Amino acid sequence: METIQPKRKDLLDVLLRQPVETVEIKQVVMPPGQPAPRHLHPCPVLGYIVSGKVLFQIQGEEARILNEGDAFYEPRNATILHFDNAQGDQPLVFVAFYLKEGGEENIQLLP
């Protein structure tokens, strides 16, 4: 019988210069067309787009579109200007990994 090797695809490499004690993993579903409020994360966040499209922008960087199958990184304490469902007719589904040193909150909304 032939052995079938799994296929691997590089999605994202991130260098974290901090200890990680816990990881919280959340699935998030956003309704069609919903924008996220300006926010930051007190811990680094890594994620994966399960379905849909995201308008993604970190303050000081260019806005870009993330598609199904893309990975993303939101640095600790960076202002996120956009993490918006870029499709008006489909929900956005993504998985977020919150890398925590201690008891940080997952998100802080900004004015």
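**View 1. H41 lies in the loop that runs between β2 (39-40) and β3 (45-51).** The model is a predicted one, in which local features need pLDDT of at least 70 and side-chain atom pairs count only at pLDDT 80 or more, while totals for chains, interfaces and linings use all residues. Residues are numbered from 1 along each chain as its sequence is written, and side-chain values use heavy atoms, with hydrogens and water left out. Strands are DSSP runs of E with at least two residues, numbered from the N terminus. H41 counts as buried because its relative accessibility is 4%, where buried means under 20%, exposed over 50% and partly exposed in between, with a 1.4 Å probe and protein chains only.

**View 2. The surroundings of H41 include E74 and N106.** Among the residues that H41 touches, not counting those up to four places away in sequence, are also P75, Y98 and I107, a contact being heavy atoms within 4.5 Å. The side chain of H41 comes to 2.6 Å from the backbone oxygen of N106.

**View 3. I80 sits in strand β7, which covers residues 80-85.** With 0% relative accessibility, I80 counts as buried. Leaving aside neighbours within four places in sequence, I80 is in contact with residues including H39, H41, F56 and E74. Between I80 and Q18 there are 20 Å in space, C-alpha to C-alpha, and the two are 62 residues apart in sequence.

**View 4. Y48 is a residue of strand β3.** Y48 counts as partly exposed, since its relative accessibility is 34%.

Conventions:
Helix = DSSP H or I, 4+ residues; strand = E, 2+ residues; numbered from the N terminus. Polar contact = N/O pair within 3.5 Å; in protein donor to acceptor, adjacent residues only side chain to side chain.
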